[in-house]
4 protein chains.
Amino acid sequence: MINMGIIGYGYWGPNVVRNFAAVDGVRVISVSDRHPNALKRAQKAHPDIELTTDYREMIASANIHAVAVVTPVSTHFQFAKEALQNGKHIFVEKPFTSTAAQAEELIELADRKNLKIMVDHTFLFTGAVRKIKELVDKDELGNLCYYDSTRVNLGLFQHDVNVIWDLAPHDLSIMDHLIKAKPQAIVATGGNHFTQHEYVAYITIYYADNVIGHLNVNWMSPVKVRTTLLGGEKKMLLWNDLDPDVKIKVYDKGIEIKNKENVYDLLVSYRSGDMWAPRIDQGEALKIEAEYFVDCIENDKTPFNDGKAGLRVVQVLESANKSLKNRGELVYL
Amino acid sequence: MINMGIIGYGYWGPNVVRNFAAVDGVRVISVSDRHPNALKRAQKAHPDIELTTDYREMIASANIHAVAVVTPVSTHFQFAKEALQNGKHIFVEKPFTSTAAQAEELIELADRKNLKIMVDHTFLFTGAVRKIKELVDKDELGNLCYYDSTRVNLGLFQHDVNVIWDLAPHDLSIMDHLIKAKPQAIVATGGNHFTQHEYVAYITIYYADNVIGHLNVNWMSPVKVRTTLLGGEKKMLLWNDLDPDVKIKVYDKGIEIKNKENVYDLLVSYRSGDMWAPRIDQGEALKIEAEYFVDCIENDKTPFNDGKAGLRVVQVLESANKSLKNRGELVYL
Amino acid sequence: MINMGIIGYGYWGPNVVRNFAAVDGVRVISVSDRHPNALKRAQKAHPDIELTTDYREMIASANIHAVAVVTPVSTHFQFAKEALQNGKHIFVEKPFTSTAAQAEELIELADRKNLKIMVDHTFLFTGAVRKIKELVDKDELGNLCYYDSTRVNLGLFQHDVNVIWDLAPHDLSIMDHLIKAKPQAIVATGGNHFTQHEYVAYITIYYADNVIGHLNVNWMSPVKVRTTLLGGEKKMLLWNDLDPDVKIKVYDKGIEIKNKENVYDLLVSYRSGDMWAPRIDQGEALKIEAEYFVDCIENDKTPFNDGKAGLRVVQVLESANKSLKNRGELVYL
Amino acid sequence: MINMGIIGYGYWGPNVVRNFAAVDGVRVISVSDRHPNALKRAQKAHPDIELTTDYREMIASANIHAVAVVTPVSTHFQFAKEALQNGKHIFVEKPFTSTAAQAEELIELADRKNLKIMVDHTFLFTGAVRKIKELVDKDELGNLCYYDSTRVNLGLFQHDVNVIWDLAPHDLSIMDHLIKAKPQAIVATGGNHFTQHEYVAYITIYYADNVIGHLNVNWMSPVKVRTTLLGGEKKMLLWNDLDPDVKIKVYDKGIEIKNKENVYDLLVSYRSGDMWAPRIDQGEALKIEAEYFVDCIENDKTPFNDGKAGLRVVQVLESANKSLKNRGELVYL
């Protein structure tokens, strides 16, 4: 039995508490938040959990084996570090940390103390991403050519970070998970208009093997869009995360180049076959992730969404941000 | 009565001939193409038009007042220059020329000889763009924040140009027409995979007044998308050119920033009102453009899609291409 | 302060409890269900509410002023009647009763005892239906020509009733609310295949003034559809209840008939103008309905969804069922 | 070589001429229309075809082997009969005739003279219907439960027939082609409002083996809909004829009934698997049909869309019309 404490009961915290509480082999025994109102809500939903405004009390408790950090990103490092120092496994909200240096320090610390880090890249546990991963691993699409994602909606403007730090971590964790080629360099553009934080950004990632990644993130779109295209040499995939029924469509479409030697006379032919929409598992992603966290601790496995995965996402965020501030400067990873 | 000759009867030429032939005050009296098969098709559709494989014959004819150049872009300059030299007004397919220098030379020549240049930015004459122009001119959207367009589909890979030269001229001519702020610099990214020409590109244009433009063009998408978002300070607009019924939706949505002085405590509120889809005129764009060409000649008007408009588009194409080749280099206009 | 008891804590009961509990001026003090497991769930969600497996205890309590009946339809009559006999106002799940005779007896009883009946026609309190009602009352659409609704999905096959009793009450209550013309006769067709209950049915209602109503209800559709068309003489309306953003579209489209005297030479012209999607209030319908129930009791108002409205829906259900069993027999109302 | 004459060059006639003219082994040598303007249009499109306002001239010509009748339905019988009497094979626009009696007389006459009748049920030759037919024949869907089609749009009100005779023949010919069970009885409802012809109608067809068919046809819908659902015991199919890319979706969804003996305790379980959209052949339907007509004549085959198929559709139309006039009277076939 793993006893957990959760720091932070704001927007996402209640989901973390509810899902960990539902996992066999876990007891959520403590919740900490510095806002008394948050604790009141926690009390109402989970009358049997201990509440405290002092996270140190929780972290120091010998009765706690693992801590989830569900607070704003600027505070992750401090909470995570103290938890590790006190010998706790940690589950940290995405993005992992504010800087790559912080992430590296946490990874080193956890390694030294033989503790697990899991970064809450929730999307990796959705039925949609698990299905895409399965298709990619089976080479259903062929060699990847591009990954192009649009993630736009109206709001919520954040006070402390720009749209890249707010919306891009989702896609960056997914790209890290799916794309085998190594990211090499980044170009980010975008703009601000209303506040000093950019509300719109366009990120291109150059990968090895001529693979291109692109993200379009925007806080000021009249319509909500969550659409990703994956172009493979053999097939192409459209993922519309807002479609309640048919999230993933695999198109048996592609191009074939003949006569490659002679570029002035090359023959491009187009193939257009069936479309296929695999059934997607509907289970709650966070529940599956919580079970995986327990599994990794109990069986001493390294999670694929470990500290290093979190670090890779933070590195891209830092580089993208630097490029954005310098109007598309090419930043090598 | 204006007598016209048309050079080029390939993919687009038949539309140009058909539409000019239907305009009052115009006679299409000659069609030239170096492929005999093209002339056979022209003969069948328009038995009464003179046909020739020698464009010089047409250009030299005293009976011709205006020439339409509907050939691959690499040939525009030569045909257009000779036509101007022979005292003909010209109607030139987009993009206007292969280089800005060529465009400047043609503009200068036309000015000297007091002839009209019209560049076939057909989209400006669609009901959709005319309606958006009307809304922008009436300041229905408020100050523009961004223009974001996606123009992707499967094929057609071009042999002689990359996806920027193939697909971006549409949006660039529309942006030139709609956006009042001046473009200042460009960043373009993208990649090739199958041939030496880039099949996918992402273009960011930095305008004055914090306006951002972005294009996503791709020859290798499993689905066809023609969607543009315009974000204004007052309202936002979604243009889906593939929707047979409701191409333009105006959303009475926006954000308001209060307490701007204090960035740490600024209040962002969201406004969400009605959506409105104005009726779009269904007339054929090229027909309206052809009538406008005649009107400009007969009444000595300068078309808004004149040589200078064509030049501006070519300048952006050249800059975008340069940026693309240098992985997002910032290129000032 | 109105003290309420709720009978039935199955699928819908928890929503009723939660919403009434959130209304100012109401206390939910008792929940009854004959299944101990249901009471356990109620206990967990609402630790402070009294629970009982004996509804008579609740109904007999002098401390209770109003009772909500949230049980299968076959039991509504008994529970509602006993509650009225004990001097309680009642809030009854739709459809009101199994037979029109039962509904009439409850109405008469409530009248005699000066008690309120509200039938839970929840849809009438959604933002969408309230907006349509507002448009109809302002004569925005002109005289109604037809109301055509499709309500299909996969499952849930009911054990005790056919698809008409399961899905049609929603639309029938909305039609009763919106359509001013009187229903005169009904034709219902459909079929069964898997069980003895019809899984698909098509109901036509003939109204006065040449108004036609039609429902398509089906438990065995691969896709979920919730779409209603209202055709008016001036405008037409499309209500797609599954669209998260734009539920209602008003089309400024219509036809005009000229030269009506001469049917062989009549001129029909079509008008096609803007489309307009009014903003819809997002409040939870059941919450608004619960507040209205309290308002009706405290201020002695007759709810528009009173026993008589419930009766009218049951009369149509009975007639439709009779017609269905006799393969489209015309049943007068 | 088959020489054809075409009677009627109105809305559909030009398509018939163009497609037959493109078939190997056919020469369209004569077009007849009583409107000189129609003949002018024919002259412009096909300068080499003989034109006449006197169809009898064409029908009497020994040089003509087959005649296509592309005129209003009320005239089909006369033209077709005279053509058969003159020994011509006939290709007749749908619906075949105005009455079943007329159809029977033509069938008898053709039989006697050993001539072919083909009724232009064009939809049967579309890629979509051919694919559905293939799936049904391979028993991909299992036993059919229902066929439910919606065919609505704004206009075009016809002067001489109601919406059933205008829009229903499409679906009725498809149902005749696809549904193996025999139609037994019909119920049709609907209404008129603007003219004496019904603008909206709902047709239920009761087939053997508990199969149900339903059509929703409407001239006064603000949106165009062309959607058909086929529910099979094994799978279900959605055909959206307006989707430019994905017209047919096959859902691996269904229900299973267990414990059928005990209706009070039967267990219904739902199966939800992949969705699959087969590629659809894009060839022009009328071209394929024209080639089939020639094939049937040259190789003495009986077309599946022969006079008897045309008769079956007319029988249903007559019955539906009778039912409609009597408010849903059950009419046995």
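Q: Which residue stands opposite B:Arg151 in strand 11 of chain B, and what makes two strands a pair?
A: B:Arg151 stands opposite B:Arg226 in strand 11 of chain B. Two strands pair if DSSP finds at least two bridges between them, and strand 7 (residues 144-154) and strand 11 (residues 220-232) of chain B are joined in the antiparallel sense over 9 bridges, so under the definition they are a pair. Strands here are DSSP runs of E with at least two residues, helices are runs of H or I with at least four, and both are numbered from the N terminus.

Q: What kind of model is this, and how are residues and chains labelled?
A: It is a predicted model, in which local features need pLDDT of at least 70 and side-chain atom pairs count only at pLDDT 80 or more, whereas totals for chains, interfaces and linings use all residues. Residues are numbered from 1 along each chain as its sequence is written, while chains are lettered from A and ligands numbered from 1 in the order in which they are written.

Q: How many residues lie between strand 11 and strand 12 of chain B in their hairpin?
A: The hairpin of strand 11 and strand 12 of chain B has 3 residues between the two strands. Strand 11 and strand 12 (residues 236-240) of chain B pair in the antiparallel sense over 5 bridges, and B:Leu229 has B:Leu238 in strand 12 as its bridge partner.

Q: How do you know that chain A and chain B meet through the same surface?
A: Of the interface residues of chain A, 100% are also interface residues in chain B, so the copies meet through the same surface. Residues are in contact if their C-beta atoms, placed from the backbone, lie within 7 Å, and the contact takes 43 residues from chain A and 43 residues from chain B. Strand 11 of chain A gives the most to the side of chain A that touches chain B, with 6 residues. That side has 26 nonpolar, 15 polar and 2 charged residues, where Ala, Val, Leu, Ile, Met, Phe, Trp, Tyr, Cys and Pro count as nonpolar, Asp, Glu, Lys and Arg as charged, and the others, Gly among them, as polar.

Q: Where do chain B and chain C join strand to strand?
A: Strand 14 (residues 267-277) of chain B and strand 14 (residues 267-277) of chain C run antiparallel and are joined by 3 bridges, with C:Trp276 as the bridge partner of B:Trp276. In this contact 9 residues of chain B meet 9 residues of chain C. A rotation of 180° with 0.0 Å of shift along its axis superposes chain B on chain C, with an RMSD of 0.0 Å, and the C-alpha of B:Trp276 is the one in chain B nearest that axis, 2.2 Å from it.

Q: What makes chain A as compact as a globular protein of its length?
A: Chain A comes to 9 helices and 15 strands. Its radius of gyration is 21 Å, close to the 20 Å that the globule rule gives for 333 residues, so chain A is as compact as a globular protein of that length. The radius is taken over C-alpha atoms, and the rule is 2.2 Å times the number of residues to the power 0.38.

Q: Why do strand 3 and strand 6 of chain C count as edges of their sheet?
A: The open sheet has 6 strands in the order 3-2-1-4-5-6 in chain C, with parallel pairing. Strand 3 (50-52) and strand 6 (117-120) each have a single partner strand, so one side of each is left without a neighbour in the sheet. Within this sheet, strand 1 (residues 2-7) and strand 4 (residues 66-69) of chain C pair in the parallel sense over 4 bridges, and C:Ile6 stands opposite C:Ala68 in strand 4.

Technical notes: Contact = placed C-beta atoms within 7 Å. Least-squares fit on C-alpha atoms with pLDDT ≥ 70 in both.
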